[in-house]
Amino acid sequence: MNGANEYDLLHWIPALPLAAAVIHGLCLGLWRQPLPRIATIALSCGATGLAFVLSFFALLALTELPAGSRVLQEGLFTWIGAGPFSAEVAFLLDPLSAVMILIVSGVGFLIHVYSIGYMDADAREDKGFQRFFAYLNLFTFSMLVLVLADNLLLMFLGWEGVGLCSYLLIGFWYSDEWNAYCGSKAFIVNRIGDFGFLVGMFLLFWALQDVGSGSVAFLELQTAFPLIADQMVQLPGWLGGAQWKLATLIGLCFFLGAAGKSAQLPLYVWLPDAMAGPTPVSALIHAATMVTAGVYLICRMSFLYAAAPGASAVIAWVGALTALFAAVVAIAQTDIKKVLAYSTVSQLGYMFLAAGCGAYGAAIWHLTTHAWFKALLFLAAGSVILAVHHEQDIDKMGGLHRFLVWTRLTFLAGVLAIAGAPYFSGFFSKDEILLSVHLADHVPGHAALYWIALFTAGLTAFYMFRLYFRIFFGESRMTRDQQGSIQESPRTVTIPLIVLAILAVAGGVVFGPSEAFIPIEDANSFGNFVAPVLATVHHEVERSLEWQLAAVATLVAFLGAALAYGLYVVRPAYPAKIRRLLGGVFRLVEGRFWIDELYDRILVQPLVKLSDRVLYRGLDARLLDDMVIGGTARGIRAAAADMLKFAQSGLVQGYLFLMLVGTLAIIGYLAF
Amino acid sequence: MIPVPTLHIVAILPVLLLAVGAFAVLLAELFLSSRGTGKSGAGSVFVGVSGATLLVVVVIAAQGFISAGAPAFNPDHPMLHLDRFSYFAIGLVAGAALLSCLLANGYLQELRIHHGEFYALLLLSTAGMVLLVSAVDFLSVFLGIELMSIPLYVLAGFDRGKPRSNESALKYFIAGSFATALLLYGMALVYGATGATHFAAIAARLDPDDSMAMAGVALILVGFAFKVSSVPFHQWTPDVYEGAPTAVTAFMSVTVKVAAFVALLRILAQAFGSAEALGTVLALLAALSMLIGNLMAIIQDNVKRMLAWSAIAQAGYLLVPLSTGTPEGQAAVLFYLAVYVFGNLGAFAVMIALTHRGQEADRFEDFDGLAKFRPGLAAAMVLFMVSLAGIPGTAGFMGKLQIFFAAIRADQLPLAILMALTSVVSVYYYLRLPIAMYMRPAREHPHRKELDFLEFTVLATCAIFVLVLGLLPNTLDWLPVIDWTHQSAAALASK
């Protein structure tokens with residue numbers, strides 16, 4: 001395989017979680033008896049933990065190679081070989097996928113541990129506990145396949161796998177119909193994106209086949225792509241008939257896929273509803289890993305986007321608008337997990353903004369820090385939810401800092417990180433994005449993009465501190481009974497919180513500070529590590545500019561935080577007044593701009609009616625079932641009624657007569 | 001001085017073993033009933049003896065296949081030829097007989113007709129099939145076909161107390177005798193025209209323009225068309241399938257088809273190679289069988305009758321590659337026979353597993369809502385139906401694919417298209433059972449019998465083979481079924 005280095009431990013990284021999932025599945029499906037609690041935990045956490053250890057060794061093996069050629073591969077077998085087309089089941093480890101597998105298995109492992117405590121109630125009641133861990137392992141496997149895949153098709157397998165697991169886990173408590181509905185919604189919205197992914201893949205394959213390359217492997221795509229980079233295509237008449245650059249078209253298709261998976265406008269609607277799943281799921285799938293798959297896809301295909309400025313601009317703008325839109329909506333939400341969900345959508349928007357501006361390294365860096373602090377925030381929120389007996393409305397919390405010491409401290413760490421407090425992890429990644437947007441003069445309207453991003457940073461600080469103050473400060477808005485039973489979560493919950501909090505606080509400084517802020521020799525190690533894989537647009541940066549931008553961003557974030565402090569701690573009566581003052585505008589934001597209702601009215605309902613009345617009742621039931629199939633059977637029955645008597649008369653004489661006729665006919669044909 | 005011929009016992013070892021096994025069962029019956037041993041104890045002896053015999057035959061066949069054949073019993077006057085082709089067929093026939101014999105134990109007890117004769121007859125019939133598939137002389141063909149058929153006539157009427165079973169036996173016997181008479185007359189005519197009964201000698205002397213010889217060929221073809229239940233020699237099939245005890249139907253529906261098709265393959269390839277007009281006749285039979293079998297299956301109310309018409313349609317599919325006469329077609333026939341054995345036997349096994357206290361589950365209503373009570377059985381039935389219908393992922397699809405390609409390569413495009421179309425029709429009736437099991441409300445269910453171990457073994461074996469043949473027909477190193485069929489077809493040509 002291209003003479004690249006073989007590393008034959010690679011397949012064990014996804015294989016371990018898969019094995020655990022299979023064992024769980026066999027126990028539940030065949031044996032119909034859940035494993036003991038402790039065995040379930042050992043199996044699941046052990047598999048994911050080992051996967052993390054292996055990922056770490058793989059990273060070490062990778063860093064031993066010279067910086068320019070850090071690629072490890074392992075081919076297992078040829079999956080599909082059809083004519084010129086071939087797809088291998090093979091894994092590719094380069095700095096980009098190395099970062100991803102460490103996040104997936106590392107954060108995944110912490111969340112597995114956390115789930116032991118969080119899902120404890122399910123352990124005592126039924127076999128849902130093991131089912132949960134089976135899904136979690138299956139998810140980890142799929143996600144690892146997604147990021148380790150050496151070709152688009154295998155990546156799509158993982159892509160679909162994580163979608164399936166997301167569906168299963170959102171609807172995990174399926175006896176509540178709403179949860180099942182949310183699961184379906186996530187799955188269906190993702191289908192729209194998957195369609196884009198597939199079309200993009202087919203277009204790319206089709207174009208490359210013309211120049212004689214029949215592979216969908218990333219390394220070969222990358223080599224062959226320049227041959228078609230400048231190809232133009234004529235769109236069909238009903239699509240406008242214009243000449244488009246092929247790369248742009250393919251890029252947009254892949255972005256549609258990415259937007260579905262990563263909840264960008266206009267396909268973000270499923271993510272807030274996905275919060276119906278258990279909180280560890282929200283942390284793992286809907287914050288740290290799966291939803292970032294879209295960003296990963298764009299970065300993985302960065303060689304394509306570098307040649308498709310049109311598509312990149314679309315990505316940047318969609319990302320920026322999503323970031324702004326979701327941050328605005330987050331301000332008015334009162335469900336703790338909804339706030340975090342919109343915050344995730346907003347942060348993902350940041351990542352796309354960076355990727356669209358050609359700063360793929362910054363996107364991946366923010367993806368990494370976001371995985372730490374957003375997983376932390378979700379898990380801390382889960383700890384709060386657990387403490388207040390599955391109450392999620394922040395209007396019914398308040399004053400919790402006295403009871404939940406560890407939860408509160410770790411939550412604060414997450415809030416500071418996401419708000420971009422200096423030298424917290426989010427600070428470095430967000431400033432890198434702001435810097436790259438500021439410099440991205442090749443993107444139309446990059447100045448506006450910068451201001452949007454900056455304003456969103458302020459909003460982020462505001463709504464995150466609002467959340468923090470509403471939960472932990474002020475007068476308690478709970479009944480005395482409820483207050484009495486509040487206690488800190490068990491250790492399996494708090495320890496992952498502390499580990500993640502350390503990462504959220506110090507991860508930025510340790511792994512990849514910009515040398516502008518920490519003048520050491522090995523600065524920006526993260527960026528340098530992933531850079532060779534990415535087609536990043538480079539700019540000369542002056543240190544003073546970096547300082548200025550950081551100062552401005554910090555100031556804006558501080559203003560946001562200060563505003564939240566003023567409104568929710570110093571003058572708690574003001575928010576209600578402002579709400580009245582704003583009236584309709586506030587309700588619009590609180591109702592999330594009624595986008596869901598709009599989609600429901602103009603897309604879902606008409607489709608449901610179409611399929612129910614026309615397709616099901618008309619086409620399927622009446623035409624196909626009744627007329628075509630039933631009609632055929634009735635027709636044959638009627639037509640054969642007479643023949644039937646003869647054909648199945650039961651009289652041997654008749655049988656023998658027919659045999660004789662047949663015999664004579666054959667003799668006649670053969671002999672004469 | 002008369003030379004003493006060198007005899008190779010190994011060539012007739014399977015037949016000998018089966019005969020000895022049959023007599024052992026009969027003797028055991030005699031002693032066990034005189035001592036008044038409980039029926040179930042006797043049953044395990046019968047199943048044990050006959051199962052072990054059949055298993056040994058399967059092993060001998062496998063061994064023979066690996067060592068690429070055995071010498072003829074009497075090389076001076078070869079009546080049987082044991083090449084890879086024969087051994088593949090012997091293995092398949094004995095394997096199917098083994099599975100049928102495992103199924104019979106519980107079923108016969110439920111019907112209170114558990115006698116050792118059943119197993120003796122089954123073994124004798126299998127011995128006839130072994131003779132038939134290795135015969136290279138019309139004398140041994142006739143011997144084989146009679147040894148195969150006569151026990152089957154008896155078996156069809158094995159449930160003596162039931163008029164249906166008697167009727168079935170009688171009809172099968174009369175129609176079968178008629179067909180055998182025609183077959184024998186055909187052999188006589190061919191002998192008259194060529195002066196030979198040995199395939200190779202006939203092939204050398206057969207003149208396609210000689211009316212007498214061709215009339216003989218036609219009659220022989222008719223004899224086999226009856227055995228494989230091809231239209232228009234098919235009409236006994238639904239009556240006999242319905243009336244015979246299900247265990248017998250299961251046995252004969254698969255083994256007779258294998259034996260007769262394999263013998264026909266050899267006769268066409270080694271004796272009647274020069275009669276090219278046969279291809280047209282076979283194609284016509286194939287078309288008629290596919291059309292009538294599939295259409296008639298739609299309107300049946302009884303599952304066994306539906307499966308009988310389906311067997312007729314399946315015979316049509318098998319005649320398609322047979323009519324091509326190419327090695328690829330022959331390999332496709334062998335592969336599809338294997339596919340058919342497991343799919344069809346599996347379907348009957350489910351019906352047998354549902355038989356309870358003399359009550360057969362052979363109406364569609366008997367399957368209503370079954371998925372709720374017996375999810376495993378229902379799932380297995382779906383698998384077998386889906387395979388018979390030829391839906392991708394199952395053995396049936398892979399088998400039809402082989403036939404399809406063989407037909408297209410041999411320029412039999414119309415037949416291939418007709419096969420594809422009639423297969424689509426067949427989905428309608430094959431899916432009636434899954435629909436009944438999964439979508440109809442459950443009735444009062446009398447079928448509460450637990451699956452016994454033997455039934456489970458048979459069902460699992462069939463299900464595994466249906467999946468393996470459908471998904472990995474040539475992938476497993478130790479089970480390259482497609483390679484085997486091609487090696488067998490090659491053995492056929494080398495003679």
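How many salt bridges does the rule find across the interface of chain B and chain A? The count is 0, and the views below, taken from a predicted model, show what is there instead.

**View 1. Chain B meets chain A.** Here we're looking at the contact itself, with 35 residues coming from chain B and 25 residues from chain A. Putting the two chains together buries about 2700 Å², and carbon and sulfur atoms supply 76% of that. On the chain B side, look for B:Phe178, B:Gln235 and B:Ile299: these lose the most area to chain A, together 24% of what that side buries.

**View 2. Polar pairs between the chains.** With 0 salt bridges to point at, this close-up turns to polar contacts, which link 2 residue pairs between chain B and chain A, both at pLDDT 80 or more.

**View 3. The helices on the chain B side.** Five names to keep track of here: H6 (163-194), H8 (211-227), H9 (236-243), H11 (277-298) and H12 (303-324) of chain B each give two or more residues to the side that touches chain A. H8(B) gives the most, with 9 residues. Sorted by class, that side of chain B has 26 nonpolar residues, plus 5 polar and 4 charged ones.

**View 4. Chain A on its own.** Among the chain A contacts with a separation of 6 or more, 79% join residues 24 or more positions apart. The accessible surface of chain A is about 27500 Å², with 66% belonging to carbon and sulfur atoms.

Methods
Residues numbered from 1 in each chain as written. Chains lettered and ligands numbered in written order. Predicted model: local features only at pLDDT ≥ 70, side-chain atom pairs only at ≥ 80, totals over all residues. Heavy atoms only, no water. Contact = heavy atoms within 4.5 Å. Buried area = accessible area lost by both parts, 1.4 Å probe. Salt bridge = Lys/Arg side-chain N within 4 Å of Asp/Glu carboxyl O. Polar contact = N/O pair within 3.5 Å; in protein donor to acceptor, adjacent residues only side chain to side chain. Helix = DSSP H or I, 4+ residues; strand = E, 2+ residues; numbered from the N terminus. Nonpolar A, V, L, I, M, F, W, Y, C, P; charged D, E, K, R; others polar. Areas by Shrake-Rupley, 256 points an atom, 1.4 Å probe, with all protein chains shown as cover.
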